[in-house]
Amino acid sequence: MEKRSVDSRVRGVSTGVSKPGPSLHHIPLSLFREYVSSKTINKVVQVHDQIFCCMAGSLADAQAVTKAAKFHLSFHSVQMETPPLVIAAASVLQELCYNNKEELQAGFITAGWDRKKGPQVYVVPLGGMLVGQPVTIGGSGSTYIYGYVDAKYKPNMSREECLQFATNALALAMGRDNVSGGVAHLVVITETGVEHVVVPGNKLPKFHNE
C-alpha cells in the first residue's frame, strides 16, 4: 500500500457522452485514513441493465446509496413491467442523497440509455442537487482538466472518439493529481448493450509532464 497524506474519501475523475450512448469513465482509487487502500477498485457501478453511476466522496456512503438505489430500481421495474428511465435512476440517487445530506458525503454521475430519451447523463453532487448535462466531470482530478474537456469535447462523437477523449482526460488528471491513479474503468452504454473497457495504468497515454 502506498502512503498518502489524505483523508478517508474516494477520489477520481468521471466524464461521459458519445453519440451511440453515454460513456462513463473513472480512475479507481480508494483511500483509507492516510493510506491508499486500493488502486484497482471499480467505482463505475451498474444500478440497472443499461444504467450506471460513478461514485465519489466517502466510499462507504456511496456504496450504501448505490445498494439502496439498485433495490429501488429493481422493484420499480417489476412494478412497471419495463426497465426504468435514466432520469428515474438519477432521481432515486438524488432523493437518497438529499434526504440524508447531513450524514452523507457522496456524489454521483449517472448515465445510461433508455427507450424514451436515448443516451443521457445526470450529475448528483454533494447535497442532492440533480442536473442533466451533455458532459460532466467530477472528483479531485477533475480540477486539472476542465480546460481540456472544454476544448476537446464535441457533440455526437463516435465511440472511438469518445473513448480516446475520456482516456486522454483520465491520463491528464492522473498526471497532475497525487490521489488519482491505478487503472481506468470505462463503460460504453448503447441501445444494443453495455461494453466494459479497462485500461491499465501502463497503457494510458503519456504527456509532457510524465
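This is a predicted model: local features need pLDDT of at least 70, side-chain atom pairs count only at pLDDT 80 or more; totals for chains, interfaces and linings use all residues.
Two strands pair if DSSP finds at least two bridges between them.

Strand β10 covers residues 184-190 and strand β11 covers residues 193-199. The two run antiparallel, and seven bridges join them. Together β10 and β11 make a hairpin, with two residues between them. As one example of the pairing, Val188 stands opposite Glu195 in β11.

Next, helix α4, residues 159-176. Helix α4 has 18 residues and reaches 26 Å from its first C-alpha to its last, close to the 26 Å expected at 1.5 Å a residue. Several of the residues in α4 are buried, including Cys162, Phe165, Ala169 and Met174.

Is Thr167 buried or exposed? Thr167 is buried, because its relative accessible area is 11%, and the cut-off for buried is under 20%. Which residues does Thr167 touch, not counting residues up to four places away in sequence? Those are Leu186, Leu204 and Pro205.

Last, two loop residues. Most residues other than glycine have a negative phi. Glu81 is not a glycine, yet has a positive phi of about 55°. Glu81 lies in the loop between α1 (59-80) and α2 (86-99). Glu81 is exposed, with a relative accessible area of 75%.

Asn156 is not a glycine either, and has a positive phi of about 60°. Asn156 lies in the loop between α3 (146-152) and α4. Its relative accessible area is 58%, so Asn156 counts as exposed.

Definitions and conventions
Residues are numbered from 1 along each chain as its sequence is written. Side-chain values use heavy atoms; hydrogens and water are left out. Helices (H or I, at least four residues) and strands (E, at least two) are DSSP runs, numbered from the N terminus. Buried means under 20% relative accessible area, exposed over 50%, partly exposed in between (1.4 Å probe, protein chains only). Contact means heavy atoms within 4.5 Å. The expected span of a helix is 1.5 Å times one less than its number of residues.
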